[in-house]
Amino acid sequence: MRTAVVVGAGMAGLAAAGALSRSGWRVTVLERAERVAAPPTAVVLWPNGLRALQSLDPEGGWTAIASPLPDGGVRRPDGQWLVAPRARSGTGASPAAAHLEDVYDALVAGLGEVEIRTGFEATTIRTGLRSRPVISDGRTTIETDLLVGADGIDSRVRAAVAPESVAVGSGFAAWQAVIPAFRVPRLDGDRCVGGETLGAGYRFVAIPLGDHAAGRGGVYWVATAAGAARPEAPATQLALLRRWFSGWHEPVGALLDATRPEDLVPQGVRELRPLPRAYGFPSGPGGVVLVGDAAHAMPHHLGQGACLAFEDVATLRSLVADTEPGPALTTAVETYSRLRRPRTTTVVRQNRRMSAVVQARGRLALRARDAALNHMRPRLLARSLDPSADWIPPE
């Protein structure tokens with residue numbers, strides 16, 4: 001039987017494992033942590049990501065766990081509109097927000113006959129022209145036809161096959177939190193307003209999760225600030241955020257006040273520079289492929305990280321679903337790279353353009369940003385990137 005090993009049990013890894021298992025592969029998932037668990041945050045699923053998920057698992061119930069995301073517009077810290085909210089077109093798909101717990105539950109439910117080994121930290125990965133890929137943690141060695149690197153920005157798989165691509169800081173830090181519904185502040189006639197606010201080097205995004213997310217609804221928010229990740233305890237970092245965003249229009253202050261230290265998920269934001277030279281590497285009768293952040297980690301300005309990961313998996317599944325080890329599988333591995341790398345390179349480039357907008361500081365830079373925003377945002381955000389909105393899962 002065809003065998004696949006998926007390294008990493010995040011969203012990309014679980015999606016890949018389920019897709020391969022349903023296609024008749026015998027799949028093993030290797031996870032470094034002691035258990036598979038969703039981070040206590042949320043994700044925005046743009047139309048391309050939703051289409052990819054629905055193509056991978058039509059019975060996954062994705063529309064039931066994701067709430068349509070209204071356009072909340074963009075404001076300055078004083079509340080003045082930079083881009084007024086628009087009603088979304090009735091044609092075409094709209095972005096949606098989902099609690100990560102719901103997404104993980106759906107992905108795990110779709111795994112089928114998949115073996116999951118936790119506490120497995122890869123130390124050795126070997127490939128060769130005449131040998132199948134091999135992975136080991138120093139105690140157990142596994143040989144497989146297809147090795148899928150879904151182990152994130154610090155991927156051990158990528159380090160073995162594309163060591164030229166390394167994770168570097170993006171120049172800012174981020175904080176995320178989900179406020180459960182019973183703690184969400186109610187404003188403007190018992191309504192909590194979502195949307196995006198841009199300051200000088202600071203950004204705050206609030207996203208309502210709908211009434212059914214993880215059974216409790218709520219609001220997901222993301223704050224970013226220029227600089228490196230903070231070393232302080234969550235309570236101290238939350239106090240800093242409240243001070244930095246003091247005086248910003250509501251509901252920014254109210255959402256921060258409703259957040260508890262245990263809700264806060266701080267992170268230093270990093271990206272891959274350069275991107276790997278390829279995403280597929282033949283090895284013997286099979287090969288190694290990179291998916292998700294292991295292939296193209298980027299800042300979350302455009303919210304496309306998870307969506308691109310699901311695109312990766314949908315593309316991989318279409319190429320290897322009925323493919324046997326040998327020349328056909330090595331060709332599929334190379335074709336995966338040929339299809340995915342130009343696609344992700346385009347999105348990463350557009351993401352870096354948006355990064356310059358988000359991180360603008362100084363009077364002249366802010367004026368230029370505000371003048372450009374009306375032009376850029378409808379093209380880059382409201383339509384979720386033209387190539388992303390138009391992406392169709394391969395047959």
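What is the handedness of the crossing of α2 and α9? The crossing is left-handed, a term that applies if the near helix is turned anticlockwise from the far one by less than a right angle. The structure is a predicted model, in which local features need pLDDT of at least 70 and side-chain atom pairs count only at pLDDT 80 or more, while totals for chains, interfaces and linings use all residues. Residues are numbered from 1 along each chain as its sequence is written, and side-chain values use heavy atoms, with hydrogens and water left out.

Helices (H or I, at least four residues) and strands (E, at least two) are DSSP runs, numbered from the N terminus. Helix α2 packs against helix α9 (residues 305–320) at an angle of about 35°, and their axes are 8 Å apart. Axes are lines fitted to C-alpha atoms, for helices over the stretch in contact, and angles run from 0 to 180 degrees between N-to-C directions. On the α2 side, Asn48, Gly49, Ala52, Leu53, Ser55 and Leu56 meet Cys307, Phe310, Glu311, Val313, Ala314 and Arg317 of α9, contact being heavy atoms within 4.5 Å. The residues of this contact comprise seven nonpolar, three polar and two charged. In this division Ala, Val, Leu, Ile, Met, Phe, Trp, Tyr, Cys and Pro count as nonpolar, Asp, Glu, Lys and Arg as charged, and the others, Gly among them, as polar.

Helix α2 (47–56) is also among the elements that cover the buried residues of α4, which include α1 (11–22), β3 (42–45), α3 (62–65) and β7 (96–99). In α4 (residues 100–109) the buried residues are Leu100, Asp102, Val103, Tyr104, Ala106 and Leu107. Buried denotes under 20% relative accessible area, exposed over 50%, and partly exposed in between (1.4 Å probe, protein chains only). Glu101 also lies in α4, and counts as partly exposed because its relative accessibility is 33%. The C-alpha atoms of Glu101 and Ala38 are separated by 5.4 Å, although the two residues are 63 apart along the chain.

Strand β19 (residues 286–290) is mostly covered, with five of its five residues buried. In a regular strand the side chains alternate between the two faces of the sheet. Gly286, Val288 and Leu290 point one way from β19, and Gly287 and Val289 the other way. Strand β12 (residues 146–149) pairs with β19 in the parallel sense over four bridges; two strands pair if DSSP finds at least two bridges between them. Leu146 stands opposite Gly287. Strand β18 (residues 280–283) pairs with β19 in the antiparallel sense, also over four bridges, and Gly287 is the bridge partner of Pro282. The β18–β19 hairpin has two residues between its strands, and Gly284 in the turn has a positive phi of about 60°.
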